[in-house]
Amino acid sequence: MSRLRATAWISAGLALTLAGSVSSQDFSRDKFRQLEELLPTANAYRTASGAPGHGYWQQRADYRIDVELDDESQRITGSEVVTYYNRSPDALSYLWLQLDPNLWAPDADGRAVPREPDFEEFGYGTLRRMLLLEKFGGGITVEAVRDGSGGALPYTIVKTMMRIDLPQPLAAGEQLTFEVDWWFTVNDADDIGGRSGWEFFKEDGNYIYEIAQWFPRMAAYTDVNGWMHKQFLGRGEFTLELGDYQVNITVPDDHIVAATGVLQNPEEVLTQAQRLRLHEAATAERPIFIVTPEEALGNEATPPHGKKTWTFHAKNVRDFAFASSRKFIWDAQGHNVGGNPVLAMSFFPKEGEPLWSRYSTHAIIHTLNVYSRYTFDYPYPVAISVNGPVGGMEYPMICFNGPRPEKDKTYRERTKYGLISVIIHEVGHNYFPMIVNSDERQWTWMDEGLNTFLQTLSEAEWEEDYPSRRGEPQGIAEYMTSENQVPIMTNSESLLQFGNNAYAKPATALHILRESILGRELFDFAFQQYARRWKFKRPMPADFFRTLEDASGIDLDWFWRGWFYTTDHVDIAINQVRQFELDSRDPEIEKAKDRQKDAQEPETLGEQRNKALPKRVDQYEELKDFYNRYDEFAVTQQDREEYEKLIERLKVEDEGDEYLLKTERNFFLIELENLGGLVMPVILEVEYTDGSHEELRLPAEIWRYDPEKVGKLIMTEKVIASITLDPHRETADSDLDNNYWPRKPIKSRFQLFKRKRPPNAMQEAKDAKEKAQEKAKEMGKSKKKKKKPSELRR
């Protein structure tokens, strides 16, 4: 313990900076430097508050599509009429469309530039996929591009993009209609992979098709990037223009089709009983079957007699996907979301039971309830979950989800919660990015990160202690200390550790922002403002950052900079704790304390052993002088006079501050060090010797003068027994061992084991011979049992 003398800095404040101030030119250490130099300048299209500006615009594309699925050749053949609306201020001399099926073309960039495999764990599936890709003739064939009058339009295919050259520029405010004919072979989603494809069931000889990213789609033209025609390499998904769709899907007449939008002709494709059930489902309190398991079995067992065309209409969506199979069981339940009637529906084969009929449609409805509360009411008329070969993929109003039970109808706990979670996640993607229309090809985190965050909120409301995989801060700490990572603000195709970077880390960042920095009320308001501002619009990262600051009233530039623009991690340590008490300046008190402290000093080993030695001054008294009798702790008259003068001066000059010298408080200086580089709030749990506790929550601004070392002074009548940093594991601190004062022992467990001596070559040969002889004996016994009665009589 040390004593301090009261001076001006003590009364001025209790937070101490231990190191020197940050140089004005040392930008790398300025963790609170504003993001103005990184974010784009606000303009008429996008404001500095993060909202769409008064001049905001976006394009629109409407589609009329006729498509046929050939169940024999696994081929898609389609023809589309596209009406494109140029709402930009620019004249466009050409249009760009996305041709995502060209991802599977033999010369596709996505096939040419995969990362090198890990030859330490080179799997059978990896080699099987490589061999299948050698034979698969993937890619889209564009048969024709025509204008609205049927005349040919020149076009150029550039890998996964197609440019249509216009006879004259499409002026601002004008619209254009054109037609495209195309076909492609659907990929095997099980063995080749992909975001869509088919799955074949050997047992009954039937397919499930999940068809997505399947037609020539208008590329986005934006105020930020112009044409968004970055090539599709397979990971960065897409961004598209919103519009209305009418799609006619022709399939074998025993297929059941699920699709984006509302079915327009149920009387042509469903039986009377199925139409009645569909009507009843709209007001049902539990999911009911539209296509029963028995009906699905009947479809599986008999060949089709012809074809049927299913017609769907969808308004204000950015894409269209569908699934088709004769294996589908179909259940549905109506639900009201903020006054909007929604039909929640699930499509699955018998192989999905008993999990799918129990959980899928319930998970859809649960997702709509929770997400709508945090963002906006779900605006579409249907929400669909389909079980097939794609593990998890999302499109407007429909998503594909993979988990199934074992063949014996049992399932692991992980499979059950995996199914619920993936449905929540993929249905949740309707909000981000299907409605809040961010650019997935550029910024994966803007939909996956935000969606994963809302997924964890939904899981928390499913059941107590739901086993969420992501969201809690401590779960991301190991990743944040890894070397193989890049900042969140990295283009989708260049991400390392994709799931941690684009899903887990941004979700955790938002969790921390909500729980530990803004608080739930402020965060929820700001997050909802972002969702509502950009509903059916196209936000960019700066719009998100600015909106949350604008709506919360809190400067978060330090947070965005640290969590999204760097790979710093959180590791704050308690270096030491120093205790001070106030020097009363009263010599009667202070010298008595000094005497007591001196008496309590331990004797060194040398002092103990030297005590018995004869001393010369004891033999010759004349060697002793004043200093041999001097008591340094005795109070002198001069000490008393100086103290009296001090008290008098305080009474007269400092208006009675002499009482402050009698303050009975303990002063504890907690010295903190930022080892990870990421500045964060400091949460301290203080335990006192009387058994009481106190929690101190210090904002991140405590690091504003020095991002590496800082001190926190605590003045208290009590004595501190222990201090715990981040007691609730809320900051993603990567090293908990340095979060305690005094330090705690590091506990672990180990197991005893005994090394087995491997057999030698002779023992292995002997063992193999004995096993072969035993196998021969068993085969002989088996043959005797199979002899006919007549052979036995002979």
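Phe215 sits at 1% relative accessibility, so it counts as buried (buried means under 20% relative accessible area, exposed over 50%, partly exposed in between, using a 1.4 Å probe and protein chains only). Trp214 is buried as well, at 0% relative accessibility. This is a predicted model, where local features need pLDDT of at least 70, side-chain atom pairs count only at pLDDT 80 or more, and totals for chains, interfaces and linings use all residues. Residues are numbered from 1 along each chain as its sequence is written, and side-chain values use heavy atoms, with hydrogens and water left out.

Now for the rings. A pair of aromatic rings is described by the distance of the centres and the angle of the planes. Rings of Phe, Tyr and Trp (its six-membered ring) pair if their centres lie within 6.5 Å; planes under 30 degrees apart are stacked, over 60 edge-to-face, and the rest tilted.

| Pair | Centre to centre | Angle between planes | Type |
|---|---|---|---|
| Trp214 and Phe215 | 4.8 Å | 70° | edge-to-face |
| Trp560 and Phe564 | 5.5 Å | 70° | edge-to-face |

Trp560 and Phe564 belong to helix H15 (residues 557–564); they are 4 residues apart, so about one helical turn separates them. Helices (H or I, at least four residues) and strands (E, at least two) are DSSP runs, numbered from the N terminus. Trp560 is buried at 0% relative accessibility, and Phe564 is buried with a relative accessible area of 0%.

Phe119, Phe122, Leu127, Met130 and Leu131 make a nonpolar patch of about 510 Å². Patch residues have over 30% relative accessible area and no salt bridge, with like charges joined within 9 Å and nonpolar side chains (Val, Leu, Ile, Met, Phe, Trp, Tyr) within 5 Å. A salt bridge here is a side-chain nitrogen of Lys or Arg within 4 Å of a carboxyl oxygen of Asp or Glu. Phe122 lies in the loop between helix H2 (109–112) and helix H3 (124–135), and is partly exposed, with a relative accessible area of 31%.

As for the whole protein chain, its secondary structure comes to 22 helices and 32 strands. Buried residues make up 49% of its 794 residues. The C-alpha trace spans about 130 × 95 × 50 Å along its principal axes. Take contacts (heavy atoms within 4.5 Å) between residues at least 6 apart in sequence: 76% join residues at least 24 apart.

Key. Areas by Shrake-Rupley, 256 points an atom, 1.4 Å probe, with all protein chains shown as cover.
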